[in-house]
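Please keep the sequence and the model in view while reading.

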Amino acid sequence: MRHQQHPDIWQQLQTHLGEWVIQSKAQAPKGHVATYIPELANASEDSLSICVMDGSGATVTAGETDCLFTLQSISKVFTLMLALIDHGEAVVFSKVGMEPTGDDFNSMLKLELVEPGIPFNPLINAGAIAISSLIGGDTPEKQIERALAFFRDIADNPSLAINQAVFKSESDTAHRNRSLAYFLKDNGVLDGEVDDILRVYFSHCSIEVSCKDLARMALVLAYDGVDPIRNKRLIPRRYVQIAKTFMITCGMYNASGEFAMNVGLPAKSGVSGGILTIVPGRYGIGVVGPALNRKGNSTAGVHLLETLSREFDWSLF
Ligand SMILES: NC(=O)CC[C@H](N)C(=O)O
């Protein structure tokens with residue numbers, strides 16, 4: 001049998017994943033696609049797809065798995081690790097903190113309220129913008145190239161690319177992110193030009209993937225930075241440990257506590273409706289369902305992951 005480690009789970013996934021997706025899709029009408037980035041409003045509001053990948057690269061999929069979507073905030077987990085590779089922990093944690101905020105992902109409240117005015121963590125927008133400034137490269141173009149090469153390597157997909165329409169749509173409307181970035185600049189957190197740093201940030205948010213790409217990227221995190229398929233270390237284990245910790249405490253925005261309670265796995269969601277999750281040492285999982293709840297997470301996607309975690313007792317806690 002191909003899936004030696006947990007044949008029962010694999011067989012159950014093959015048998016039931018399709019019906020679980022149909023059940024969870026019923027949650028989609030409770031949410032709405034994001035519209036503040038106008039291009040994201042074109043996503044199909046009632047769709048839901050999932051890809052589960054094991055350490056051999058075998059997959060079980062369900063839903064409209066061919067559809068492409070942009071990483072958005074999911075990219076922040078990987079740019080954090082790239083900044084750690086390029087600058088180390090001391091520099092990175094002089095620019096961002098280690099704590100959840102309890103505020104919306106695009107809030108600027110605590111930047112002014114709490115000394116020394118650095119973002120609370122690297123997964124909120126302010127933190128991810130600070131992290132974008134730390135990606136190696138002398139020019140924004142080189143930083144974007146470096147980020148794209150890193151994402152391509154982790155996804156093992158040399159054709160990953162930036163969706164230019166989404167990039168432009170965000171860039172044209174990102175008044176709040178611009179104000180966050182100027183605030184950070186004023187607080188001395190950002191070196192370099194605000195517009196250049198935002199270009200890097202919008203670019204990595206606009207990298208387009210499929211559910212399978214997302215599962216493939218998750219797999220590398222599930223194996224602590226080693227790609228089990230190519231048997232190759234891509235990220236130092238310590239940096240994956242840091243990323244996974246943030247995924248538990250802040251990966252699902254202000255619903256991270258609820259998600260930890262009901263699913264209990266490290267995860268990161270994005271405003272296009274994607275969720276990257278891992279079952280440590282076993283599976284990488286990519287989900288996308290564009291209709292979001294009030295906290296910004298995919299309504300159907302969260303429901304589906306709750307079902308899987310319950311069925312297979314996947315919670316780490
Ligand atoms: N939550 C998200 O996915 C936010 C990412 C998006 N690019 C933004 O900055 O608003």
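Buried residues make up 52% of the 317 residues in the protein, where a residue is buried if 20 or more other C-beta atoms, placed from the backbone, lie within 10 Å of its own. The model is a predicted one, in which local features need pLDDT of at least 70 and side-chain atom pairs count only at pLDDT 80 or more, while totals for chains, interfaces and linings use all residues. Residues are numbered from 1 along each chain as its sequence is written.

The protein is divided into two domains, with bounds from an automatic or database domain assignment.

| Domain | Residues |
|---|---|
| domain 1 | 7-66 + 212-227 + 243-312 |
| domain 2 | 73-205 |

The centres of domain 1 and domain 2, taken over C-alpha atoms, are separated by 23 Å. Their contact takes 26 residues from domain 1 and 21 residues from domain 2, two residues being in contact if their C-beta atoms, placed from the backbone, lie within 7 Å. On the side of domain 1 that touches domain 2, the residues divide into 13 nonpolar, eight polar and five charged; here Ala, Val, Leu, Ile, Met, Phe, Trp, Tyr, Cys and Pro count as nonpolar, Asp, Glu, Lys and Arg as charged, and the others, Gly among them, as polar.

The ligand lies between domain 1 and domain 2, because both give residues to the shell around it. Among the surrounding residues are Phe105, Asn106, Glu170 and Gly296, each with its C-beta atom, placed from the backbone, within 6 Å of the ligand. The shell around the ligand divides into three nonpolar, seven polar and one charged residue.

Terms used:
A residue is buried if 20 or more other C-beta atoms lie within 10 Å of its own, exposed if 12 or fewer, and partly exposed in between; C-beta atoms are placed from the backbone.
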